[in-house]
Amino acid sequence: MAGGGGGGVSPLGPAPPMWYHRDLSRAAAEELLARAGRDGSFLVRDSESVNGAYALCVLFQKHVHTYRILPDDEGFLAVQTSQGVQPKRFKTLPELVSLYLQPSQGLVTTLLYPVDREETALSDDRDYSDGEDEKPPLPPRSASTSTPPGTDTATDSPPAANGLSTISHEYLKGSYALDLEAVKQGACSLPHLNKTLVASCKRLNGEVDKVLSGLEILSKVFDQQSAFMVSKMIQQSVNQGGDQELENLVTKLAILKDLLSSIEKKALKALQDMSLSSPCNPPLLSMRHSKAIPVQAFEVKLDVYLAELTKIGKSQKYTLSVDVEGGRLVVMKKVKDNQEDWTTFTHDKIRQLIKSQRVQNKLGIVFEKEKDKSQRKDFIFASAKKREAFCQLLQLMKNKHSNQDEPDMISIFIGTWNMGSVPAPKSVASWVLCRGLGKTLDEMTVTIPHDLYVFGTQENSVCDREWVESLRAILKDQTELDYKPIAVQTLWNIKIAVLVKPEHENRISHVGMSSVKTGIANTLGNKGAVGVSFMFNGTSFGFVNCHLTSGNEKIARRNQNYLDILRLLSLGDKQLSSFDISLRFTHLFWLGDLNYRLDMDIQEILNYINRKEFDPLLKVDQLNLEREKNKVFLRFAEEEISFPPTYRYERGSRDTYVWQKQKATGMRTNVPSWCDRILWKSYPETHIVCNSYGCTDDIVTSDHSPVFATFEVGVTSQFVSKKGLPKSSEQAYIEFESIEAIVKTASRTKFFIEFYSTCLEEFKKSYENDSQSSDNVNFLRVGWSNKQLTTLKPLLSEIEYLQDQHLLLTVKSLDGYESYGECVLALKSMIGSTAQQFHTYLSHRGEETGNIRGSMRVRVPSERMGTRERLYEWISVDKDETGGPKGKSTMLSRVGHEYVKPSVVRKQLGELGKVSEEGERSSKEETAARPKQDTSDTSDPSISKNSYNNPAYYILEGVPNQSAAALSPELLPSPTSQNPQAAKAPSSAQGGLARTKPPCTTSGPPHPRRPVAGPPVRAISEEASSEEDGAACMTGAHGGSVGGTVGTTLNRPPPDFPPPPLPKGALEMVAEAPFTKPRPLYPDLAEVRIPAAGPGAPLALGEGFRRGGVGAGALDDQSCSVLQMAKTLSESEFPGQPPRAPSAPPPLRGQPMGLCLDACRTFPPRNPITESIAEDMPEEALWGSSSSSLSVGESSVGEWLHRLGLERYEQGLLHNGWDDLEFLSDITEEDLEEAGVLDPTHKRILLESLRQQQQQQK
């Protein structure tokens, strides 16, 4: 609650008035006033910019005006006034508001209609530990650990038990009157109250006696002074009672407090005295080095290209032996007569590893042969897991023998487990070693120790010290390293512990800890979150472990828990208080028992689990659905789930789910669900790869299974300039040409931008915006020209330093200095002499509030341009089968912020393929830019249903809008008229989340949001595009990236704007005069009209467009026709415009656009995404070559096997590297057997078919 009032009077008066909304967000306040809809409607909320202040929000002529109410030094309240105007002071808010209820008091209008808050019934808040207990559990006996100042401790008392409540009620109803009468007659004591207190504390008295008896012997050994008092009190408690009983209890509690606070110190002193009088053995030195990693051997086959077929007769078998400790890779080839030919490469001769995107078990290795000469060899591993293990070992070898003092990359283990209020079993090794179900590590690498271990537990009744020591012992057993605990934070039974390798202990700094309660009325700690933050050298990390509200139906409550934690958890740099914790850290990991359930009949769930079909279940997973709607975890990522639901198992086994429990209120159902999750969010253009995500199958003490994930994370060093501080001539500059934003607000105030970064000495401000316009009352477009934007000077000017830096922006209002949206930009893509564009979303308090784009450059002096390759850039991904050129592609992993749009402003399309003029930027930035240009608009986050490039989002939920109903679906072009194939797409496409893992032989994942190697990463920021949620289903170009390569977890930015034109029929619905003036820099912001709001009924929705249980007013995710309209508007180019911006290439042939309305009529929504023709075409075909060679890939081998009726062997052949008919001509019976063809008849059929094919070619 906001600040105190003058003279000890509460600023809210005797009781909070109904128009006071406490900590309501600015956006929510504007929405409430929009729904009220009458001039003079008002409410008061807490200020977001000043603690202890308030904000008076008033609606007038459809705009919201905000006035700050500030307390002065004496605690009096006053509305902030212009300079020189004497403010009027009030003791309480009701007094202040009563003045402005009178006319002509200086506000824009008189306060007329208070907008009352909605009170939540207490019964809705009750949350009793997953429904397992009738009442919330008591807090642990051990004290809360490391609770920061200013936050509540974790020892709040729960509601009194029913019996004690009855005693108190009886006193207040009856005995209270007797005590009152006695006081009136002059009595100096309250005998009836004393009797009530004695009865209430009877159990406590007995417990204290037990504790004192237990400590008596310790006090006699270590603290003789206290021992006398303890013995005396125990004797008195036996002999005395009656009126002195309560007094004795207070005395015993005081003695117990003194004893507990001093016994440890006195025992330590006694033992130290004893140690001085007797010799002792020196303590064993802790082992700081882990056991040596043994040499690991991998059986592989050489993969050959068409051009090499004349040199090599067939695929050859090799053995790759990795000696991490010795820094060598031995490549051994098996030749005739069991002889071996082997070559040894030292770590510095291995130039690069190139992962195949299409064939998951294929890896290219670039060796240095002679000076400036290299050779690439491609190998086929036994499985994708073996390939990942090999890459991990080689990275470890590179890191171990690097001449760098500080690491470029670290590995992190994260585990979450609801322990079910019972101690852990003796061994939890499978949890620590990531053994079990799902995506697990290969056995060759499973024992390699990670740099950081983060353990989050819920319902953990073990005391902190014992828990941490048990974790250290487990890690010592497995790694022979003595891990150091750097932070432990507890809230009741929710704990998080972070342990680090001894060698990294000095690299950890700025450790912070915090907790937030979200239990009943946000005062109980049985639900809530604990968090830890720190710096690892120059990279900031945040970890949040939470336990959210349970119950199948309490989705909204869980969402609110998340938003409360996001806002109230006090972690990270205090200067970044304007930003929620999702933007304060380079990498933020969020783990815990999130308690989201599956919305499906229990029997169906069990059937799918028995068949190990998880995709249908993941489509009805509440967390996935809420993330699609941008309600929670905005722009977070989650690795693909390939393990069964982790809750609710029968304790003692993992064979049975227990989904029913008899309660006093009736039968309670807990369907099997993925309650336990691990998500993350990282800054753009940072490196992060999830290597495992699964659960154990042998830890059975709880009804939850432990969940694990491991990550490979890029880190930066504390950079020290070798050239010292820059002179004026060597100073780098961050310069902005212009910035433009769309903000969700009904206010019409002026705005400014604040810039924060670790590379700046202090935060900087822009001047107020110099352009402002709006076509919709609920949204505002604001712009800053170059003269309004300040030039920023980084502390250091080296490019190696700047390419790791990020810039945080917050758009604030001049009237209340409150943030209307925040974002983060990576400087790496902005470095260069040419201005580059950025485009990203704005968010505030966990929800998207607009978008922002502009043009900027980071100018680095030439003498500061030296840089080096990072270890994580050493491995790249090659889209080798899709027609693009083979070669290097830097892994610019940016999971969590898939929106930054760096694209150089160029004059000609032909320049897209050229290397940038700055030598240091080379081809890395080009490869990072290409995917943005050749994916279709179906993947464009800027037109997803919850994005401000989508005019459907300009319709506030529950607020009437005429423009939505004005556009009828008949205006939209027919799907069959544009693309005959579009109507067929839904029948074969996957459902809305498109989670089916593609086989390793396809030419790329069909969904543009998938990572390019490995299983798909769930980052549902732009995945919830309009076509997936029942909107216009575009089947345009979105698959192949011609001439482009992408990193493993590359966060794909939006495509270049403006978007492509729609068919003629779609343009007719926009009433816009022909465009004659010069084209501005950002055409889709400046030219796409925001639909004007007007009176009218909300758009009526048919049942086919609704999710179950949602009313017709919820337009944000229900309305098919609204989103079709929005899609059309956001993609339109108006008459008179140039055909396309030069930064966007023309669509590939064979990729027509159409609107697929049939897919909008089902739930879960279908995802009719068809693969680009370019994905399956060889390079020659893409560029018009007349080559007639057989097409590469699955289609040719698959068709051949299908024709023979032996398609069952396709996977085995491709798995062993036989992915081309040209190669198959050399296959032998032995090779067929290794690929799984054991039937002699089938072998004969296959070999005869290949022989006939060879004869035909001759």
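Modeller: Happy to. The protein chain exposes about 52800 Å², with carbon and sulfur atoms supplying 52% of it (Shrake-Rupley method with a 1.4 Å probe; for residues, only the protein chains shown count as cover). This is a predicted model, in which local features need pLDDT of at least 70 and side-chain atom pairs count only at pLDDT 80 or more, while totals for chains, interfaces and linings use all residues. Residues are numbered from 1 along each chain as its sequence is written, and side-chain values use heavy atoms, leaving out hydrogens and water.

Of its 1258 residues, 57% are buried (under 20% relative accessible area; exposed is over 50%, and partly exposed lies in between, with a 1.4 Å probe and protein chains only). Taking contacts between residues at least 6 apart in sequence, 72% join residues at least 24 apart (a contact means heavy atoms within 4.5 Å).

E5 pairs with strand E1 (residues 41–46) in the parallel sense, over two bridges. If you want a landmark there, Phe 42 has Pro 114 in E5 as its bridge partner.

Elsewhere in the chain, a few charged side chains deserve a look. Asp 323 belongs to strand E7 (residues 317–323) and is buried, at 14% relative accessible area. Its side chain reaches the backbone nitrogen of Gly 326 at 3.0 Å; beyond four places in sequence, Asp 323 touches Val 295, Arg 328 and Met 397.

Lys 484, in strand E16 (residues 484–491), is buried too, with a relative accessible area of 18%. The side chains of Lys 484 and Asp 482 make a polar contact of 3.5 Å (a pair of N or O atoms within 3.5 Å; within protein one must be able to donate a hydrogen and the other to accept it, and residues adjacent in sequence count only if both atoms are side-chain atoms). Leu 499 is 15 residues from Lys 484 in sequence, yet their C-alpha atoms are 5.3 Å apart. Beyond four places in sequence, the contacts of Lys 484 include Arg 472, Val 500 and Glu 505.

Asp 621 sits in the loop between helix H14 (615–618) and helix H15 (622–628), and counts as buried at 0% relative accessibility. A polar atom of its side chain lies 3.2 Å from the backbone nitrogen of Leu 623. Outside its sequence neighbours within four places, Asp 621 is in contact with Arg 597, Leu 598, Trp 674 and Arg 677.

Some backbone details are worth checking in your viewer. The peptide bond from Tyr 647 to Arg 648 is cis, with omega near 5°, and Arg 648 is in the loop between strand E22 (638–639) and strand E23 (660–663). Ser 421, a residue other than glycine, has a positive phi near 65°; this serine is partly exposed, at 41% relative accessible area. Tyr 817 likewise has a positive phi, near 50°, and is partly exposed at 33% relative accessibility.

Finally, the caution you asked for. The mean pLDDT is 73, and 63% of residues reach 70 or more (pLDDT is the predictor's confidence in each residue, from 0 to 100). Over residues 898–1194 the pLDDT is below 50, although this stretch has 670 contacts in the model beyond near neighbours in sequence. Where pLDDT is low, predicted coordinates should not be read in detail.

How values were computed:
Helices (H or I, at least four residues) and strands (E, at least two) are DSSP runs, numbered from the N terminus. Two strands pair if DSSP finds at least two bridges between them.
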